[in-house]
Amino acid sequence: MNHTTVARMAQCAVLLCSIVLAACAAHEEKPAAKNALTKVQLNVNPTLTYAPIVIAKEEGFFAQEGIDAEFVSLDSNSAVAAATVGKLDVLSAGVRSGVFNMMLKGVPLRIVADKGHSGPQCSADAFIAPVAMAKRIAAAGGSIRGERLALLRGGISEFLTMRLLEKHGLTTADVTVLQMPQGSASSSRDKLDAVRTVTEPNVSVALAEGWAAIVATPEELVPGHQTSVLIFGKRLLQDDPALGERFMRAYLRGVRQYNQGKTERNVAIVSRYTKLPPEVIRRACWMIIGNEGGIDPARVQPFLDWALANHFLDGKIAPEQWWTSRFVDAANASLAAGRP
């Protein structure tokens, strides 16, 4: 065998190896592409109202739907702004007039699921005050006349605060108002010397620390009101509604596990995300969220009527302008059929 033949054989061997390696690489790339997760961004903060979402992520429900649920920590103002311009795919928010105004302007946002409403079981949010102030209020029959009142404008918090004043025949002229900036967290960690609304687990933290007491509960003022909602932006509403249905299916699986209650697994997940001890999570009232995720417009209408009358809302808005059952309907149907 001469030198030329050997060289040609070597070249052929190299070429054959290259072809085989390329084929192997192509074969390996296919499963990776198939298994790639689609990123969906949503705002999540360390309070109990996000529990179904963090449960769905921790238990792999989003991943099973091919979704990489990317949590972004934003204050409420920044989250609404991000969703409005399409930088957030899913907005988790309290009921607030600004969101409805965006919808009235034609911004592609719609409420798609329940994320918390009040009920008689327990109070997942409450009006609290320092103990000495709470005792004065109790002695006055629940009236907060002459007291300091923290007020966050334009949202469900102000709506409930106005109902608290109305219950005792008062107006803001009868109290000292502390104007809270939009986007303020409903936290109890800053021990404000005022009556204010806070949400769980902050209610339980304040009571356990012993510096505060409950003055009133929103359920006493507006039974069954809608507190928090899940909102889809343009991407899931219009561009890729099939992705929206997959997201909703994972979310509702998280809701259903959440509604199993304070199981060891649920408490461990929520404790890790809120960075609070398990005993605090067990003691807290868990927000009511329906297993099927539907919204009853009647739970939202009192707020909308109040917001319109007080010029926070730019105009009347019909339920079909702010709510769509498409995604919960599709998710419930597929879950009932045994999917995923």
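I took helices to be DSSP runs of H or I with at least four residues, numbered from the N terminus. The expected span of a helix I set at 1.5 Å times one less than its number of residues.

I noted that this is a predicted model, in which local features need pLDDT of at least 70, side-chain atom pairs count only at pLDDT 80 or more, and totals for chains, interfaces and linings use all residues. Residues are numbered from 1 along each chain as its sequence is written, and side-chain values use heavy atoms, with hydrogens and water left out.

Entry on helix H7. I looked up residues 156-167: these 12 residues reach 17 Å from first C-alpha to last, close to the 16 Å expected. I found 9 of the 12 buried, so H7 is largely enclosed by the rest of the structure; buried means under 20% relative accessible area with a 1.4 Å probe, protein chains only. Among the buried residues are Phe-159, Leu-160 and Met-162. After H7 comes Gly-169, with a positive phi near 70 degrees.

Entry on H7 and H14. I recorded that the axes of H7 and H14 (residues 297-309) come within 10 Å and cross at roughly 85 degrees; axes are lines fitted to C-alpha atoms over the stretch in contact, and angles run from 0 to 180 degrees between N-to-C directions. The two helices are therefore roughly perpendicular, a term for angles of 65 to 115 degrees. In the contact (heavy atoms within 4.5 Å), H7 supplies Ile-156, Glu-158, Phe-159, Met-162 and Arg-163, and H14 supplies Pro-302, Phe-303 and Trp-306.

Terms used:
Buried means under 20% relative accessible area, exposed over 50%, partly exposed in between (1.4 Å probe, protein chains only). Angles under 35 degrees count as roughly parallel, over 145 as roughly antiparallel, 65 to 115 as roughly perpendicular and the rest as oblique.
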